[in-house]
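Here are some exercises to work through with the model in view. Try each task before reading its solution.

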Amino acid sequence: MADFDMVLKHWGPVEADYSSHGNLVLTRLFHEHPETQKLFPKFAGIAKGDLAGNAAVSAHGATVLKKLGELLKAKGNHAAILKPLANSHATKHKIPINNFRLITEVIAKIMGEKAGLDAAGQQALRNVMAIVIADIDSTYKELGYTG
Ligand code: CUP
């Protein structure tokens, strides 16, 4: 089975509640890699203990997972989705590329815990994201952003 499909097989629980899963992803990311919380000014001041109940964290987490859902469903034909995303993350949000690797690992773990994504499925997600991240990285380089 293609990597996209292996992950999409377990997308149902995520899609059913993007906000809760999105909050879990960002809360875990900010706990495991505290420096990532500072990347988004609107999150920088939130106390660790308040992340889980924070509506803005849930909303952005939902955005991230919805984007990932669109990318998975595009099955590699994702240039039109990814270009604007890579542009805004280089020029507006200034998110260094390694953060996409960090969030990939967190999403793999959360999907393992909450959506039954097994070790092979987690590897499939890493494979999909490796392509996505390489594409973001080429846009970053075109724009002269060294993140
Ligand atoms: O949109 C947005 O916001 C993004 C999303 C995505 C992209 C690519 C792929 C997938 C998804 N984001 Cu935000 C991202 C990120 C964050 O938030 C954090 C960290 C890292 C990354």
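Predicted model: local features only at pLDDT ≥ 70, side-chain atom pairs only at ≥ 80, totals over all residues.

**Exercise 1.** Find out what span helix 3 should have and how far apart its end C-alpha atoms are.

*Solution.* Helices are DSSP runs of H or I with at least four residues, numbered from the N terminus. The expected span is 1.5 Å times one less than the number of residues.

Residues are numbered from 1 along each chain as its sequence is written, and side-chain values use heavy atoms, leaving out hydrogens and water.

**Exercise 2.** Find the protein donor of the ligand's copper atom.

*Solution.* Donors are N, O and S atoms within 2.8 Å of the metal (3.2 Å for Na, K and Ca); water is not among the atoms, so sites may look incomplete. The protein gives a single donor, NE2 of His-60, 2.3 Å from the copper. Next, locate His-60: this residue sits in helix 5.

**Exercise 3.** Which polar side-chain atoms lie 2.8 Å from an oxygen atom of the ligand, and which lie 3.2 Å from a nitrogen atom of the ligand?

*Solution.* For the oxygen atom, look at His-60, which has a polar side-chain atom 2.8 Å away. For the nitrogen atom, turn to His-89, with a polar side-chain atom at 3.2 Å.

Methods:
Helix = DSSP H or I, 4+ residues; strand = E, 2+ residues; numbered from the N terminus. Polar contact = N/O pair within 3.5 Å; in protein donor to acceptor, adjacent residues only side chain to side chain.
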